[in-house]
Amino acid sequence: MRFLILGGTSFVGPHVVRQLAAHGHDVTIFHRGNTETNLPGNVRHVHGDFANFPDHLDELRRTSPEVVLDMVPFKAEDAERVRAFKGVARRVVVVSSGDVYRAYGRLCRTEPGPPDSTPLTEDSPLREQLSTAGLDYNKTAVERAVMGDNELPATILRLPATHGPGDDKHRLFSYLKRMDEGRPAIVLDQAYAGWHWARGYVEDVAFAIALAVMDGRAAGRTYNVCDPVSLTEAEWVKEIGRVIGWKGKVVALRSAQLPASLRRDMFDFSQQYSVDSNRIRKELNYSETLPFDEALQQTN
């Protein structure tokens, strides 16, 4: 099949491109050219700035993509990129985020109300307020703009906090640094220590995206992507330590006992954030590509 990927050269993207190419598909990627990741030689590159996307549309439409994957939509207007392929592509796949749920607003104290029930499913309530980033980041609006068009069916993938080589957020760094220093204990805010969060390893997340691109059963569907078990932060730290051989312990203290740098008072951790990923597992036969320990070792 012929696939067009918008973005796809950083972190998760190259893994998606390699997996699609490995299955023998014809892959074109549109990107600025600032990051020339090592990709298979048969992958076609079209360079351009997303700010001038309409200038490149004719060239991209001539590649006759059957599926268009947008890796980098952030606001409602970005949905027009994939909608521009109506009449050319059979369907589109759009990468969203697990932070679209109203529960995230509860967590960040931007949407008052009691905690939403967890685990969050694809049918859980979505955010009603914009994120603190405002109009420049509104994945909920992106989703609403692309779903419901029978002429160009869309698939939405809500990604977790993703770790692995190339993670620009360095999600494991603060813990690994303290472990490498040989500290006997890592101290956490008590509420944070007991809080569940949805995570995923980069190659596993990429595999879920590739499945959605290749499998026509994904048309018109929304999928959560994350590990099958949402660990608490304390459990997460302990697992990291176990894998690298750290012998210390995790200590949870009340916020009032902590220095300001370790307090997490800006969040309401009564809103848990475990997420249910059973739908993609059942409908597309998704499962992780690496054992949990190996994924952590690769991240390390």
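A salt bridge is a side-chain nitrogen of Lys or Arg within 4 Å of a carboxyl oxygen of Asp or Glu. The legends below describe close-up views of a predicted model.

**View 1. A network of salt bridges links four residues.** The members are Glu 80, Arg 83, Lys 86 and Asp 149. Side chains of opposite charge can pair when their charged atoms come close. Across the whole structure, a search finds 22 salt bridges.

**View 2. Arg 2 and Glu 66 form a salt bridge.** Their closest N and O atoms are 3.8 Å apart. Arg 2 belongs to strand β1, and Glu 66 to the loop between α2 (53-61) and β4, so the pair ties together parts that are 64 residues apart in sequence. Arg 2 is partly exposed, at 36% relative accessibility. Glu 66 is buried, with a relative accessible area of 11%.

**View 3. Arg 102 meets Asp 116 in a salt bridge.** The N to O distance is 2.7 Å. Helix α4 holds Arg 102, while Asp 116 sits in the loop between α4 and α5 (139-146), so the pair ties together parts that are 14 residues apart in sequence. Both residues, Arg 102 and Asp 116, are buried.

**View 4. Arg 199 pairs with Glu 233 in a salt bridge.** The closest N and O atoms lie 2.7 Å apart. Arg 199 is in strand β9 (residues 199-201) and Glu 233 in helix α9 (residues 233-244), so the pair ties together parts that are 34 residues apart in sequence. Arg 199 and Glu 233 are buried.

**View 5. Asp 99 is buried without a salt bridge.** Asp 99 lies in the loop between β5 (91-97) and α4 (102-107). The nearest side chain of opposite charge is Arg 127, 4.1 Å away. A polar contact of 2.9 Å joins the side chain of Asp 99 to that of Tyr 137. Residues touching Asp 99 include Tyr 104 and Tyr 273.

**View 6. Seven strands make an open, parallel sheet.** Their order is β3-β2-β1-β4-β5-β6-β10. The edge strands, β3 (44-47) and β10 (222-224), each pair on one side only. From one strand to the next, the twist averages 20°.

**View 7. Strand β4 (residues 67-70) runs parallel to β5.** Four bridges join these two strands. Another four join β4 to strand β1 (residues 2-6). Val 67 has Arg 91 as its bridge partner in β5, and Phe 3 has Val 67 as its partner in β4. Leu 69 stands opposite Val 93 in β5. In a regular strand the side chains alternate between the two faces of the sheet. Val 67 and Leu 69 are buried on one side of β4, Val 68 and Asp 70 on the other.

Terms used
Residues are numbered from 1 along each chain as its sequence is written. This is a predicted model: local features need pLDDT of at least 70, side-chain atom pairs count only at pLDDT 80 or more; totals for chains, interfaces and linings use all residues. Side-chain values use heavy atoms; hydrogens and water are left out. Buried means under 20% relative accessible area, exposed over 50%, partly exposed in between (1.4 Å probe, protein chains only). Lys and Arg count as positive and Asp and Glu as negative; His and the chain ends are not counted. A polar contact is a pair of N or O atoms within 3.5 Å; within protein, one must be able to donate a hydrogen and the other to accept it, and residues adjacent in sequence count only if both atoms are side-chain atoms. Contact means heavy atoms within 4.5 Å. Two strands pair if DSSP finds at least two bridges between them. Axes are lines fitted to C-alpha atoms, for helices over the stretch in contact, and angles run from 0 to 180 degrees between N-to-C directions. Lists of a residue's contacts leave out its neighbours within four places in sequence.
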